[in-house]
Amino acid sequence: MDDLDQLEAQSIFVLREAHRKLKPLSLLWSLGKDSNVMVWLARKAFMGRVPFPVMHVDTGKKFPEMYAFREEYAKKWDLDLILGDCPPVEEIDPSLPPAARSAARKTAGLAKLIDERKLRGVIAGIRRDEQATRAKERVFSPRGAGHRWDVRNQPPEFWDQYATPYEDGMHIRVHPLLSWREIDIWRYIERENIPLVDLYFAKDGKRYRSLGDQDITSPVESNASTVAEVIAELENSKTSERAGRAMDHESEDAFERLRVAGYL
């Protein structure tokens, strides 16, 4: 087995464990490259069809290309798609910096879906290498009452044994891609020929390396217009993947505050 085979096998094991242990369960689909890989893995894990609902927490501010992709591939992949909306920014904590406050709308939208559907498990496509706060996560990460994450009280995970504690009001976040790197994602996309929103590929010298809301996400300079060219670019890049995310340039603790409160 090569590195991608091992990552794939581990992620499929995590998805199957989540499906076995946590019901009701749902998978978050942001329409970005990581969550598309996660949906692809879930289809592989369960004989071609995702056996649990797929949720898109919609801020109403995504790029038109993302909405077109959602409509096309929800049908092609036969997904049980659930759409959740988000509250207006005026209802969000005003002490957060502007971009983080806007992003926090998704926290409230996700909390509403979890409560409405009484979910015990939520599968999310985060990776440790994306951001320092996410590096503190576990594969099976409990969220307490109010969806809060106690970053200092995470269960140990030895020998692929994952704890799923449960008390009223809590749920488990499951992270099948936690050990993947950005370049692993792209190499897997190349190997499996996974469809993507075309904003990831350069036009007029720019492309999006990370996709979010239109008003808080910017492209980076790039001439990479194919998957192979993106991989070659990443092999030599020293720029952060989230360089185009406005909230990553705000106060140092803003992202951890969002994560503790239940952000994706």
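**An aromatic cluster and a strand pair**

W29, W40, F69, Y73 and W77 come together as one aromatic cluster. The model is a predicted one, with local features needing pLDDT of at least 70 and side-chain atom pairs counting only at pLDDT 80 or more, while totals for chains, interfaces and linings use all residues. Residues are numbered from 1 along each chain as its sequence is written, and side-chain values use heavy atoms, leaving out hydrogens and water.

Rings of Phe, Tyr and Trp (its six-membered ring) pair if their centres lie within 6.5 Å; planes under 30 degrees apart are called stacked, over 60 edge-to-face, and the rest tilted. That rule gives 14 aromatic pairs. One of them is W29 with F69, a tilted pair at 6.5 Å centre to centre and 55 degrees between the planes. W29 sits in the loop between β1 (25–28) and α2 (33–45) and F69 in helix α3 (residues 64–76), so the pair ties together parts that are 40 residues apart in sequence. (Helices are DSSP runs of H or I, at least four residues, and strands runs of E, at least two, numbered from the N terminus.) W29 is buried (under 20% relative accessible area; exposed is over 50%, partly exposed in between; 1.4 Å probe, protein chains only), at 1%, and F69 is buried at 6%.

W40 and W77 make an edge-to-face pair, 6.4 Å centre to centre with 75 degrees between the planes. This one links helix α2 to the loop between α3 and β3 (81–85), 37 residues apart. Both W40 and W77 are buried.

Elsewhere, strand β5 (residues 140–143) points F140 and P142 one way and S141 and R143 the other, all buried.
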